[in-house]
Amino acid sequence: MHKMGTAVAALALAAAGLTGTATTAQAENVRAQEAGCSTAWPGRDGYVRAWKDVNCGGTLLGATQGNDANWADGSGAFSGSDNDNASSVMNSGYLGGRDVVAFYIMSEHRDESGYGCLAPGELYADWLGDNYYYSSTTGRTDISMENSISSHLWVYSSGCSSSSWIT
């Protein structure tokens, strides 16, 4: 999927009339940006992480092996300005049991307002802007997950709707 993005970017630049070193330099820049989450991957260490910028870049908002019911409060690994500020997230949790991270638009893990699940095999979502919340009462919402997460919870995969998976 990420390689396809690089190829599309290179084709778009070529179509715009940029050839030679400009195209090569632009393609290298795209590859470097896309490598951000791959470079940040620590292996299976039991943590969920979130970053302010796309591609696991910029400020690391928090990292924890636990749950956090309120990213806006003053306690836990995510607090204060972390709320509604994540552009990319990672699941490096241990496999088995509660190995899926459910991210919620509301505090206290209220799924009726919307949530999205990150499977351990997906590793990370490098841009939350192309993911949308799923609500247990209304289905898929039109609310982007970028800059809108307020809590997270480790869950079993059975706790996630088939429409709630993020990439």
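These questions and answers explain how labels are assigned in a predicted model.

User: What makes Cys37 and Cys56 a disulfide?
Analyst: Their sulfur atoms are 2.1 Å apart. A disulfide needs a pair of cysteine sulfur atoms within 2.5 Å. Therefore Cys37 and Cys56 qualify, at 2.1 Å. Cys37 sits in helix α2 (residues 21–40), and Cys56 in the loop between β1 and β2. The two are 19 residues apart.

User: How do you know whether Cys37 and Cys56 are buried or exposed?
Analyst: Buried means under 20% relative accessible area. Cys37 has 0%, so Cys37 is buried. Cys56 has 9%, so Cys56 counts as buried too.

User: Why is the disulfide of Cys117 and Cys160 given a handedness, and which one?
Analyst: The torsion about the S-S bond is about -85°, so this disulfide is left-handed. The link of Cys37 and Cys56 has 90° about the S-S bond and is right-handed.

User: What makes Cys117 and Cys160 a pair that ties together separate parts of the chain?
Analyst: Cys117 lies in strand β5 (residues 115–118). Cys160 lies in the segment after β9 (151–155). These parts are 43 residues apart in sequence, so the pair ties them together.

User: How do you know that β1 and β2 are paired strands?
Analyst: Pairing requires at least two bridges between the strands. Strand β1 (residues 47–53) is joined to β2 by 5 bridges, so they pair. They run antiparallel. Asp53, for one, stands opposite Gly57 in β2.

User: What makes β3 and β6 a pair?
Analyst: They share 2 bridges. The rule asks for at least two, so β3 and β6 pair. Their sense is antiparallel. Here Val89 has Ala125 in β6 as its bridge partner.

User: Why are β2 and β6 called edge strands?
Analyst: The open sheet has 4 strands, in the order β2-β1-β3-β6. β2 (57–64) and β6 (124–125) each have a single partner strand, so one side of each is left without a neighbour in the sheet.

User: What makes β3 count as largely enclosed?
Analyst: Look at its residues, 88–92. 5 of the 5 are buried, so β3 is largely enclosed by the rest of the structure.

User: How do you know which residues cover each face of β3?
Analyst: In a regular strand the side chains alternate between the two faces of the sheet. On one side of β3 are Ser88, Met90 and Ser92. On the other are Val89 and Asn91. All of these are buried, and both faces are covered.

Definitions and conventions
Residues numbered from 1 in each chain as written. Predicted model: local features only at pLDDT ≥ 70, side-chain atom pairs only at ≥ 80, totals over all residues. Heavy atoms only, no water. Buried < 20%, exposed > 50% of the residue type's maximum accessible area, 1.4 Å probe, protein only.
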